[in-house]
Amino acid sequence: MLREILQTFDDLIVIKEPVSKELEVTRYLLKYRDRPVLFEDVDGWKVAGNIWSTRERIARFLNTSRERLMHVVADAMENPSPYKTVKSAPFLKNSTEDFSLLELPVPKYYPKDGGPYFTSAMVIAKDDNGFVNVSFHRMMVRDEKTVAIRLVPRHLYAMWKDKAEHGEELDVRIVVGNPIHLLLAGATSTAYGISELEIASKLSELAFGKPVEVVELGGIPVPVESEFVFEAKITPELVDEGPFVDITGTYDYVRKQPLVVFEKMYHVDDPIFHALLPGGYEHFMLMGLPKEPQIYASVKRVVPKVHGVRLTEGGAMWLHAVVSITKQHDGDGKNAILAAFTGHPSLKHVVVVDEDIDIYDDRDVEWAIATRFQAGKGLVIVPNARGSSLDPSAEKSLTAKWGIDATKPLDRKEEFERAKL
């Protein structure tokens with residue numbers, strides 16, 4: 001439960017005075033960008049944000065190190081394991097069909113947002129073959145019982161489209177307030193047929209020695225650790241969704257998206273609503289961390305010794321990366337650049353460094369660029385490449401990708417060694 005998790009953080013900020021969900025939650029989350037914040041009274045509800053806003057906090061909770069975190073996530077993605085079905089969950093204690101979304105502590109984060117937004121919610125759906133999909137989707141509150149959901153053309157979109165083309169609704173469960181192993185799993189991109197719940201279960205086994213537990217709610221498995229659970233249906237009807245601030249801190253535009261009807265609400269005693277700040281560090285972590293293993297695997301195919309991958313906070317943990325390798329040939333740095341772009345197609349800029357550079361220290365990375373890089377030799381530019389739709393500088397999603405090979409030439413390595421005591 002979130003309450004127990006928050007109590008383990010020694011840097012927790014507690015806001016006791018009443019705070020409005022209309023823009024005020026954002027002010028505090030921006031003020032304490034890398035510290036978890038617990039609001040004790042947001043229109044009468046408890047709300048928490050910035051919970052997972054640093055790698056170190058995530059790593060500690062998962063009983064690993066900052067440097068090992070990527071490998072733990074990669075292990076879970078490559079070796080998913082079954083979850084365990086149980087008969088009861090704390091959220092089943094409180095259920096009602098008499099609720100209003102307008103009375104819940106769903107924040108409006110920025111002035112131009114189209115409305116209050118669910119930002120940390122994950123949607124669980126099950127297809128006719130029994131495949132269970134879990135994925136993040138922002139949802140704009142429209143009225144007491146409906147939201148507009150942003151569906152990009154991935155697995156949930158395919159499941160919804162199959163139903164919508166037959167004039168049917170897709171039955172789903174929407175969960176809010178989950179621990180990081182479930183959130184990271186919900187943010188992964190996997191092949192259709194591999195359930196994110198099983199990735200979460202593997203993460204749980206690696207971190208805590210036990211699988212994820214779920215209860216069946218109308219035939220759909222729901223994690224027992226959820227603070228809020230909603231029974232809902234995604235309809236064939238399309239409505240306006242947006243504007244909304246995305247990961248780069250810029251506004252996404254209004255588009256037609258499916259209408260979701262909420263039917264029943266469950267929650268634990270004295271629940272805590274998870275407010276995920278759009279464009280905040282927690283948003284960065286949840287989107288970026290699951291992509292790092294993909295970049296690592298791609299680079300590993302062309303360079304045998306890859307030591308680490310970091311999507312940088314300055315690049316919104318989506319557009320910029322640093323990769324650490326040990327070169328065996330002088331062309332390895334450039335091969336690593338191209339492989340990184342393959343591993344994460346949204347990537348726009350990558351710096352490749354030697355193993356003696358700390359990829360988590362921006363000054364160390366810049367030092368490598370300053371002392372080991374010459375633009376006439378180590379700069380790679382890929383013009384008119386398909387990039388990220390989230391990059392406001394791209395034109396029709398086309399961008400110029402560029403990489404910096406800031407590794408030492410093999411025949412002059414001794415000239416680049418740093419002095420040590």
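**Close-up 1. Salt bridges in the predicted model.** The count of salt bridges in this predicted model comes to 28. One of them joins Lys 161 to Glu 165, with the closest N and O atoms 2.5 Å apart. Lys 161 has a relative accessible area of 32%, so the residue goes down as partly exposed. Another bridge brings the side chains of Glu 168 and Lys 163 together, at 3.7 Å from N to O. Glu 168 is partly exposed, with a relative accessible area of 37%.

**Close-up 2. Arg 412 meets Glu 415.** Here is another salt bridge to look at: Glu 415 pairs with Arg 412, and their closest N and O atoms are 3.0 Å apart. Arg 412, with a relative accessible area of 34%, is partly exposed.

**Close-up 3. A network of salt bridges.** The members are Arg 138, Glu 241, Asp 246, Asp 252 and Arg 255, and salt bridges are what link them.

**Close-up 4. Trp 45 and Phe 228, a tilted ring pair.** Searching the whole structure turns up 17 aromatic pairs. In one of these, Trp 45 and Phe 228 sit 5.9 Å from centre to centre, with 50° between the planes, and the pair is tilted. Trp 45 belongs to strand 3 (residues 45-49) and Phe 228 to strand 14 (residues 228-241), so this pair ties together parts that are 183 residues apart in sequence. Is Phe 228 buried or exposed? Phe 228 has 0% relative accessibility, so it counts as buried.

**Close-up 5. Tyr 117 and Phe 244, another tilted pair.** The ring centres of Tyr 117 and Phe 244 are 4.2 Å apart and the planes make an angle of 40°, so this pair is tilted too. Tyr 117 lies in strand 6 and Phe 244 in strand 15 (residues 244-245), which means that the contact ties together parts that are 127 residues apart in sequence. Tyr 117 is buried, at 0% relative accessibility. Phe 244 is buried as well, with a relative accessible area of 4%.

**Close-up 6. A cluster of rings.** Trp 45 and Phe 228 turn up again in this view, as members of a cluster linked by ring pairs.

**Close-up 7. A patch of negative charge.** Which residues gather in a patch of negative charge on the surface? They are Asp 98, Glu 103, Asp 143 and Glu 144. To find Asp 98, look in the loop between strand 5 (94-96) and strand 6 (117-118). Asp 98 has 70% relative accessibility, so it counts as exposed.

Close-up 8. Leu 379, Ile 381 and Trp 402 make a nonpolar surface patch of about 260 Å². Leu 379 is found in strand 22 (residues 379-386). With a relative accessible area of 32%, Leu 379 is partly exposed.

**Close-up 9. The cis peptide bond at Pro 243.** Zoom in on Gly 242 and Pro 243, and you'll find a cis peptide bond joining them, with omega at about -5°. Pro 243 is in the loop between strand 14 and strand 15.

Close-up 10. Asp 43 isn't a glycine, yet its phi is positive, near 50°. This residue is in the loop between strand 2 (37-42) and strand 3, and at 42% relative accessibility Asp 43 counts as partly exposed. Asn 63 also has a positive phi, near 60°, in a residue other than glycine. Asn 63 takes its place in the loop between helix 3 (55-61) and helix 4 (66-78). At 57% relative accessibility, Asn 63 counts as exposed.

**Close-up 11. Asp 356 and Ala 368.** Asp 356 is found in the loop between strand 21 (349-354) and helix 11 (362-372). Its relative accessible area is 30%, so Asp 356 is partly exposed. Twelve residues along the chain separate Asp 356 from Ala 368, and their C-alpha atoms are 9.7 Å apart.

Terms used: Residues numbered from 1 in each chain as written. Predicted model: local features only at pLDDT ≥ 70, side-chain atom pairs only at ≥ 80, totals over all residues. Heavy atoms only, no water. Patch = residues over 30% accessible without salt bridge, like charges linked within 9 Å, V, L, I, M, F, W, Y side chains within 5 Å. Areas by Shrake-Rupley, 256 points an atom, 1.4 Å probe, with all protein chains shown as cover. Salt bridge = Lys/Arg side-chain N within 4 Å of Asp/Glu carboxyl O. Lys, Arg positive; Asp, Glu negative; His and termini not counted. Charge placed at Lys NZ, Arg CZ, Asp CG, Glu CD. Helix = DSSP H or I, 4+ residues; strand = E, 2+ residues; numbered from the N terminus. Buried < 20%, exposed > 50% of the residue type's maximum accessible area, 1.4 Å probe, protein only. Phe/Tyr/Trp six-rings, centres within 6.5 Å; stacked < 30°, edge-to-face > 60°.
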